[in-house]
Amino acid sequence: MVNNNIHSVCIYCASGTGVHPAYGEAAEKTGRLLGQRGIHVINGAGSSGLMRRVSDAVLGEGGRVTGVIPRFMVRNGWCHESLTEVIEVETMHERKQRMAALSDAVIALPGGYGTLEELLEIITWKQLGLYRHPIVILNTNRYYDPLFTLFRQAADEQFLPFRQGLWHESRTPEEAVDMIFKGDD
């Protein structure tokens, strides 16, 4: 079944720089594809790294990007200045909650602690029925393979149900974008 109710996608990804070029290329491609489809992107408003590359690619296609960012990050100069809309919040918790509330799907690109924390939290929210939209993990360069191994081990040890339709893995930006429209069949 195709999900035609996808109008906005939350993107989790790295704001750090210096990563392998393949990650930047995948971020830009994801942004271009979403922008071309008229999908409103929600992200953390970062002015660097993959987050900036996704935003700039969406904006380059005439798309919209809403960034949600805590005030302390704005004061530190970490906010992308050219987004369609910036929503300032007080805390990181508020940021994640607002990003989820504004989105019809999530795509997680590679990233660090923040990205991993956001991804695990949204999967948990989905397991609890608090988030009912598609979650796609873009596994560029097999970046997330160690996490998938940990998920399998946790499932084998009875700590969690593995997958259970909570998330989907994609290998390419094209596949990731297509998957959000397929829903959770």
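Phe151 is buried, and Trp167 is buried as well, where buried stands for under 20% relative accessible area, exposed for over 50% and partly exposed for the range in between, with a 1.4 Å probe and protein chains only. This is a predicted model, in which local features need pLDDT of at least 70 and side-chain atom pairs count only at pLDDT 80 or more, while totals for chains, interfaces and linings use all residues. Residues are numbered from 1 along each chain as its sequence is written, and side-chain values use heavy atoms, with hydrogens and water left out.

A search of the whole structure finds seven aromatic pairs; rings of Phe, Tyr and Trp (its six-membered ring) pair if their centres lie within 6.5 Å, and planes under 30 degrees apart count as stacked, over 60 as edge-to-face and the rest as tilted. Phe148 and Trp167 form a stacked pair, at 4.8 Å centre to centre and with 5° between the planes. Because Phe148 lies in helix α6 (residues 145-156) and Trp167 in the loop between α6 and β7 (168-170), this pair ties together parts that are 19 residues apart in sequence; helices (H or I, at least four residues) and strands (E, at least two) are DSSP runs, numbered from the N terminus. Phe151 and Trp167 form a tilted pair, 5.5 Å centre to centre with 50° between the planes. Phe151 also lies in helix α6, so its pair with Trp167 in the loop between α6 and β7 ties together parts that are 16 residues apart in sequence. Ring pairs link Tyr23, Tyr143, Tyr144, Phe148, Phe151 and Trp167 into a cluster.

The next topic is the nonpolar interior. A nonpolar core is a set of buried Ala, Val, Leu, Ile, Met, Phe, Trp, Tyr and Cys residues joined through side-chain atoms within 4.5 Å. The largest such core has 32 residues, of which Val9, Ile11, Leu34, Val54, Ile107, Leu109 and Ile180 touch the most other members. At least two residues of this core come from each of β1 (8-12), α1 (21-36), α2 (49-60), β3 (65-70), β6 (135-138) and α7 (173-182). A second, separate core of 22 residues includes Tyr12, Ala108, Ile122 and Trp167. Leaving aside neighbours within four places in sequence, Leu109 is in contact (heavy atoms within 4.5 Å) with residues including Ile11, Tyr12, Val54 and Tyr144.

Helix packing can be followed next. The axes of α1 and α7 are 9 Å apart and pack at an angle of about 40°, the axes being lines fitted to C-alpha atoms, for helices over the stretch in contact, with angles running from 0 to 180 degrees between N-to-C directions. That makes α1 oblique to α7, since angles under 35 degrees count as roughly parallel, over 145 as roughly antiparallel, 65 to 115 as roughly perpendicular and the rest as oblique. Ala26, Lys29, Thr30, Leu33 and Leu34 of α1 make the contact with Pro173, Glu174, Val177 and Ile180 of α7.

Two single residues complete the tour. Ser170, found in strand β7, is buried, with a relative accessible area of 0%. Arg75, which lies in helix α3 (residues 71-75), counts as exposed at 66% relative accessibility.
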